[in-house]
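Work through the exercises below with the structure open beside you. Try each task before you read its solution.

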Amino acid sequence: YWYILSYLVFGVLTTVVNYLIYTPCLYWLKMDAWFSNVLAWIVAVAFAYLTNKPFVFKSHDWSWKVVWPELTKFVTGRLGSLGIETLIIWVCVDILCWNGVLIKVITSVLVIVLNYVFSKFLVFKNKE
């Protein structure tokens, strides 16, 4: 259960990082919700990779020949969930004018599950 428990802990921390960028961009800087989401995603993905690699998936080789393929797959997988999340946010917040934080919370559950599955089975699959 280590993978799931540690992924949830770091997933929550990644989500906090994401919200710390998304919320001020949306409400204080008055950026569109989809754009706020993309900016938050960039910071959160960097944080997620740096924490998931060693702490969740026990991948401790930081050589370029290992990091580059992992990072490429990690970001590519997250681009898929970013697309789904951004589409939902764009429709629900920017077009339908629903509450931006509520929609972000709802989509975060889906994104966490999708990202775990992708990371576990495609990015860090050869690890313990």
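**Exercise 1: Rings**

Ring pairs join Tyr7, Phe57 and Tyr116 into a cluster. The model is predicted.

*Task.* Find how many aromatic pairs the whole structure has, then list what tyrosine 7 contacts beyond its neighbours within four places in sequence.

*Solution.* 
1. Search the whole structure: there are 8 aromatic pairs.
2. Go to tyrosine 7 and skip its neighbours within four places in sequence. Its contacts are then Trp2, Asn52, Val56, Phe57, Arg78, Ile112, Asn115 and Tyr116.
3. Compare with the cluster: Phe57 and Tyr116 are in it together with Tyr7.

**Exercise 2: The nonpolar core**

*Task.* State how many residues the largest nonpolar core has, and which element gives the most to it.

*Solution.* 
1. The largest nonpolar core has 15 residues. Those with the most contacts inside it are Tyr7, Tyr49, Val56, Phe57, Phe74, Tyr116 and Phe124.
2. Now look at the helices. α1 (2-28), α2, α3 and α4 are the elements that give two or more residues to this core.
3. α2 gives the most, with 5 residues.

**Exercise 3: Lysine 53**

*Task.* Which side chain meets lysine 53 in a salt bridge, and which ring lies under its charged end?

*Solution.* 
1. The partner is glutamate 70, at 2.6 Å from N to O.
2. Glutamate 70 is in helix α3 (residues 64-95) and lysine 53 in helix α2 (residues 33-56), so the pair ties together parts 17 residues apart in sequence.
3. Turn to the ring. The charged end of lysine 53 sits over tryptophan 62, 5.0 Å from the ring centre.

**Exercise 4: Lysine 104**

*Task.* The structure holds 2 salt bridges. Find the one that lysine 104 forms. Is lysine 104 buried or exposed?

*Solution.* 
1. Lysine 104 pairs with glutamate 85, and their closest N and O atoms are 3.1 Å apart.
2. Lysine 104 lies in helix α4 (residues 100-123) and glutamate 85 in helix α3, so this pair ties together parts 19 residues apart in sequence.
3. Buried means under 20% relative accessible area. Lysine 104 has 0%, so it is buried. Glutamate 85 has 3%, so it is buried too.
4. Lysine 104 also lies over the face of tyrosine 19, at 5.9 Å from the ring centre.

Technical notes: Residues are numbered from 1 along each chain as its sequence is written. This is a predicted model: local features need pLDDT of at least 70, side-chain atom pairs count only at pLDDT 80 or more; totals for chains, interfaces and linings use all residues. Side-chain values use heavy atoms; hydrogens and water are left out. Rings of Phe, Tyr and Trp (its six-membered ring) pair if their centres lie within 6.5 Å; planes under 30 degrees apart count as stacked, over 60 as edge-to-face and the rest as tilted. A charge sits over a ring if NZ of Lys or CZ of Arg is within 6 Å of the ring centre and within 35 degrees of the ring normal. A salt bridge is a side-chain nitrogen of Lys or Arg within 4 Å of a carboxyl oxygen of Asp or Glu. Helices (H or I, at least four residues) and strands (E, at least two) are DSSP runs, numbered from the N terminus. Buried means under 20% relative accessible area, exposed over 50%, partly exposed in between (1.4 Å probe, protein chains only). A nonpolar core is a set of buried Ala, Val, Leu, Ile, Met, Phe, Trp, Tyr and Cys residues joined through side-chain atoms within 4.5 Å. Contact means heavy atoms within 4.5 Å.
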